[in-house]
Amino acid sequence: MARRKETQTAVDLVGAATPLRPEIGVVLGSGLGGFTQALDNAVRIPYAELSGFPVSTATGHAGELVIGTLMGGQTPLAVLSGRFHLYEGYTGEETVSGVRLLHALGVRKLVLTCAAGGLNLDFAQGALVLISDHINLQGSNPLVGENDETLGSRFPDMTEAYSNRLRRIAVDTGRGLNISLHEGVYAAMLGPSYETPAEIRFLKTIGADLVGMSTVAETIAANHLGMEVLGIACVTNLAAGLGAGKLIHSEVLEIAQRVSGKLVELLTNLIPRIAGS
């Protein structure tokens with residue numbers, strides 16, 4: 001198992017760089033990397049230095065593993081600032097390299113963040129939405145191929161892919177901060193082109209509230225590994241055909257960065273509560 005050997009090499013490198021042993025992991029989506037500035041005692045390791053790790057090529061993704069603490073050093077966590085997408089040319093297995101490394105480091109609770117297009121007109125631009133379920137339309141699954149039974153079942157259950165328990169904690173935390181949190185179903189498309197108006201009408205018909213190009217493969221891999229998942233999407237734009245004008249990636253990043261302060265506030269208060277739960 002070459003993959004397992006490469007993961008262990010990366011774990012050894014991280015262990016030599018920091019004494020922190022995180023149980024909480026965070027994946028930051030496009031334009032949402034500002035959260036790493038809230039960490040104390042931060043150690044930053046570029047993906048290029050991690051054995052067998054892909055390199056993040058998408059705009060708005062820093063491409064580094066950051067390990068640090070929150071709440072005066074009481075809550076150690078590992079943050080993947082940047083992720084890997086199928087549209088970059090990576091395989092399904094490669095896109096979840098980060099999740100598998102976090103699990104090998106001891107992470108058992110995973111917070112996935114992403115930028116997403118809004119299909120539900122109740123979600124304003126800049127809204128934060130807790131992902132309650134997903135629809136995988138990427139034509140790929142990270143578990144295809146030989147299964148490592150030491151990591152998880154060949155056929156993992158996905159009935160509660162996104163933890164109801166963690167969503168309740170998030171809603172309660174947001175309420176205390178006066179941050180409204182919606183809930184919705186996330187549809188994952190292959191990309192990198194944005195969806196057509198006809199595709200958006202189709203997605204609305206099948207029950208999607210959000211659309212994006214990430215997150216789902218990581219959620220599948222995390223459930224396979226027995227991790228508890230919380231998904232938080234930032235609505236950066238109305239999907240194609242629902243708003244005026246064309247979709248431009250630089251504007252999506254601008255909105256994500258504008259909302260990142262609210263997300264940082266939420267995560268800074270939420271993660272210690274998750275850690276203690």
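This is a predicted model: local features need pLDDT of at least 70, side-chain atom pairs count only at pLDDT 80 or more; totals for chains, interfaces and linings use all residues.

Modeller: Happy to! Residues are numbered from 1 along each chain as its sequence is written, and side-chain values use heavy atoms, with hydrogens and water left out.

Strand β4 covers residues 75-81. Here strands (E, at least two residues) and helices (H or I, at least four) are DSSP runs, numbered from the N terminus. Six of the seven residues of β4 are buried, where buried means under 20% relative accessible area, exposed over 50% and partly exposed in between, with a 1.4 Å probe and protein chains only.

Now for the neighbours of β4. Strand β3 (residues 64-70) pairs with β4 in the antiparallel sense, over seven bridges; two strands pair if DSSP finds at least two bridges between them. In the hairpin that β3 and β4 form, four residues lie between the strands, and Met71 has a positive phi near 55 degrees.

Strand β1 (residues 24-28) pairs with β4 too, in the parallel sense and over five bridges. There, Ile24 has Leu77 as its bridge partner in β4, and Val26 stands opposite Val79 of β4. Val26 also has a bridge partner in strand β5, namely Val111.

Let's move on to the cores. A nonpolar core is a set of buried Ala, Val, Leu, Ile, Met, Phe, Trp, Tyr and Cys residues joined through side-chain atoms within 4.5 Å. The largest has 45 residues, and those with the most contacts inside it include Leu50, Leu65 and Leu101. Helix α6 (residues 216-224) gives the most to this core, with five residues. Leaving aside residues up to four places away in sequence, Leu50 touches Ala10, Leu13, Val14, Ile45, Leu65 and Leu101, where contact means heavy atoms within 4.5 Å. A second, separate core has 29 residues, among them Ile179, Ile232, Val264 and Ile271.

Leu101 is also one of the buried residues of helix α3. That helix (residues 97-104) has seven of its eight residues buried, and it is followed by Gly106, with a positive phi near 110 degrees.

Finally, here is the chain as a whole. It has seven helices and nine strands. Its radius of gyration, 17 Å, is close to the 19 Å that the globule rule gives for 277 residues, so the chain is as compact as a globular protein of that length; the radius is taken over C-alpha atoms, and the rule is 2.2 Å times the number of residues to the power 0.38. Of the 277 residues, 54% count as buried. Among contacts with a separation of 6 or more, 81% come from residues 24 or more positions apart.
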